[in-house]
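User: I'd like to learn how to read a model like this one, feature by feature. Could you walk me through it?

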Amino acid sequence: MPAYKAPLRDMRFVLYELHQGDTLAQLPGFEEMTPDLIDPVLEEAAKVCEEVLAPLNRTGDEEGCSFENGVVRTPKGFKEAYDLFREGGWTGIACDPDFGGQGLPKSVNTLVEEMICASNLSFGMYPGLSHGAYLAIHAHGSDELKGRYLPKLVDGTWSGTMCLTEPQCGTDLGLVRTKAIPQGDGSCKLTGTKIFISAGEHDMTENIIHLVLARLPDAPKGIKGISLFVVPKFLPKGDGTPGPGNGVSCGSIEHKMGIKGSATCVINFDDSTGWLVGEPNKGMRAMFTMMNTERLAVGIQGLGLAEASYQGAVAYARERLQGRSLSGTKHPDKPADPIIVHPDVRRMLLTMRSTIEGSRALGAWVAMALDRQHHGADPQERQDAEDLVALLTPVVKALFTDLGFEAANHGMQVFGGHGYIREHGMEQLVRDARIAQVYEGTNGVQALDLIGRKLPAHAGRYLRAFFHPVSALIEAKVEDEQLGPFVQPLAKAFVRLQQATGQIARVGMAKPEEAAAAATEYLRLLGLVALAYMWVRMVEVSLPKIGSEADSDGFYRAKVATARFFMDRVLPQSGALFSAIMAGGASMMTFDEAAF
Amino acid sequence: MKVLVAVKRVVDYNVKIRVKADGSGIDTGNVKFSMNPFDEIAVEEAVRLKEAGKASEIVAVSMGPAIAHETIRTALAMGADRGILVTSDEELQPLAVAKLLKAIVEREAPKLVILGKQAIDDDANQTGQMLAALLGWPQGTFASKVVLHSDTAEVTREVDGGLEMVALTLPAVVTTDLRLNEPRYASLPNIMKAKKKPIDTLTPAELGVDVTPRLVTLKVEEPPKRKSGIKVGSVAELVDRLKNEAKVI
């Protein structure tokens, strides 16, 4: 497998040419964010990812994390890489300048996150979790908590975690048992056990700040009685350095299928001092502000791994000589043709490429909307952006991680038997990609969020933020001589999506279970239409540049050719999804449970 | 002590060079450019001198098309304080660059000029030496170690037979070799700050230098492709072919 190279050309295309990223500087607070600043940021991030993080990916997988006497050790080289990453200021890239962050737009940070995930997802988990903790404290913490913890989380001296899951409670957080007893001085004592805590314990930072869901005495039962607390591993002293231990210990680490360099811990809290973040019993709300951003970030993990796998697969398909082209020998000087001549290999490569480039465009679109949501000057602009983000957050999370796993699997298949052995690194990408479909809310839960919360919200207003631009583009360009052939398949799939939406809205009111039965297929259908919309827009940008000086490397020609494959060979899945949705859930739900 | 560093924008070392079909040069359309790696080492050395309290100001100089300001920004992000760009759409050959640098040195009066020993595009390895000659300054080329005192510098040079130590009286010119240091990654805050650091733009005319090329490129072609090997039947045949066909033994 060749060394990862960040796809900077495509990233610039997506940011500037497709989404007018050069206008980011017009948003209040982003005045400095012009291409002459963003470009060097992307280039330096690419260097750090390619030269520092990527070389530790396979060794980190082979070695994994170790656990002995409560101490967790990360794989060789992780600590040094983390120090370099932290000293380079990358932990604070998208953080508030008031707390030492660099305040870069989310749309830029999303591209950097993709590079980190593609290079070394296990490593990326540590700063990723810290950022989650940062977001929760930043949005809901008191000024005192912010002052005490944010600067250290931003500069990476301390790391953070999100402690939600307990042995008896995963998706259903209403079952949380960890107790928090108020001490009368504003603090609480927390006791309980949390599991599956990524970055819960490790040897890279001097302190670890846990964000913990727990119950106050007399809290209402279930989800309405959950509060959020900040619990440091070591209690900070007056001067801000780590002080005495706080009764937080690591019980063990999990032995996992993938992301082996990321320590997944059992964390025990034993009369540990914590402070409430936000209001009592409103912990879920506080957690969700952070979780939405984190869900986008997990979607980007799928995208990054897909890109890494694609790069490996293309290089191998060009050099591996097996068989002859069915349309006649292409390389008579060689003992066989490279496997890139074979239709099935091309099917896999182009499936990967068309979903990767479509996802990169879609992810950046949502990230740009997040920037407009937080920085837009006009209230209506902010609201529209927020609606789009709300709708597409579960789509990005589930679609990108499903497609990412599928792509990693295709990439491994291109390698044949050599993909299945560890040496080439292709099977690691499959294993690493698999978790992203599970954590941060399983993809099934994302689909339920889409149909149960996002579709009905404000009488379908979120959906309009997406449907309006799609139907406007179809209307304007369906007759266009050059663009029409790309718009027509989008229009066809969009009609299916509208019908499926109507069906779900109708049955969802009376029979929620019937809507839930179609949720996964519906999310995928909406996701495919979103990708198709991105592809039409990318073709619209690319067509005028074909044959010009700007296309001397064939970038735009390849863009349009990839769009053609997507429309011909990927988007037709919308027909099958539509049929499945319309068939309803009876065949599942009437199935006798005893017969399973 | 003021230190001047020269930085050149070149085709990135990772790029596979394509020769133009008409043989007039190389294809630079849609090709990634970056700072000449030896110049990165020069910038790094200057920044280390500043961090050690030995240099007070670092001025990064580049020459060429306006886009070369990107290369100066890279130097500023690594820690240089300000930049000077000499814009010219003419091909700048080593002698012209050395004369331009001399003019800038006379304006800026640095005590030390650090350059890469050569640029990876034309591999000329001339500019530093020419600049020292034009200024009448001592030179320490192919440096793998530089120890700076207030009025002198000790430079360890990488020469064919090993290492040579020279003592220079300042002001002086130093050119860097690969082992002098390992350039740092620019930190994110420094990339952000680099945008605000000043870059002055000058022209060869303003500096009073005639940059007309003295050399003409006749033709650029790709190196010959390596031919595939053959299998021989026996040691005797191998020896025979080496002796009579290849004529190497």
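Predicted model: local features only at pLDDT ≥ 70, side-chain atom pairs only at ≥ 80, totals over all residues.

User: Okay, and where is Glu50(A) found, and what does it touch?

Analyst: Glu50(A) belongs to helix H2 of chain A. Leaving aside residues up to four places away in sequence, Glu50(A) touches Tyr4(A), Lys5(A), Ala6(A), Pro55(A) and Ser119(A). With Ala6(A) there is a polar detail too: a polar atom of the Glu50(A) side chain lies 2.8 Å from the backbone nitrogen of Ala6(A).

User: Now the nonpolar side. How should I think about cores?

Analyst: In soluble globular proteins, nonpolar side chains tend to be buried together. Here the largest nonpolar core has 240 residues, and Met115(A), Phe466(A) and Tyr522(A) have the most contacts inside it. A separate, second core of 27 residues includes Leu4(B), Met63(B), Ala98(B) and Ala103(B).

User: Which residues does Tyr522(A) touch?

Analyst: Again not counting residues up to four places away in sequence, Tyr522(A) touches Leu450(A), Ile451(A), Leu455(A), Leu463(A), Leu497(A), Ala500(A), Thr501(A), Ile504(A) and Ile581(A).

User: On to the two chains. How much area do chain A and chain B bury between them?

Analyst: The size of an interface is often given as the accessible area lost when the parts come together. For chain A and chain B that is about 1,800 Å², with 58% of it on carbon and sulfur atoms. Leu37(A), Glu44(A) and Gln102(A) supply 25% of the area chain A buries against chain B, more than any other three residues. In terms of contacts, 26 residues of chain A meet 14 residues of chain B.

User: How many salt bridges and polar contacts cross that interface?

Analyst: The rule finds three salt bridges across it. One joins the side chains of Lys47(A) and Glu40(B), at 3.7 Å from N to O.

User: Which element gives the most to chain A's side?

Analyst: That's H2(A), with nine residues. Helix H2 (35-53) and helix H4 (78-87) are the elements of chain A that give two or more residues to this side. By class, chain A's side has 11 nonpolar, five polar and 10 charged residues.

Note on methods:
Residues numbered from 1 in each chain as written. Chains lettered and ligands numbered in written order. Heavy atoms only, no water. Core = buried A, V, L, I, M, F, W, Y, C linked by side-chain atoms within 4.5 Å. Buried < 20%, exposed > 50% of the residue type's maximum accessible area, 1.4 Å probe, protein only. Contact = heavy atoms within 4.5 Å. Buried area = accessible area lost by both parts, 1.4 Å probe. Salt bridge = Lys/Arg side-chain N within 4 Å of Asp/Glu carboxyl O. Helix = DSSP H or I, 4+ residues; strand = E, 2+ residues; numbered from the N terminus. Nonpolar A, V, L, I, M, F, W, Y, C, P; charged D, E, K, R; others polar. Polar contact = N/O pair within 3.5 Å; in protein donor to acceptor, adjacent residues only side chain to side chain.
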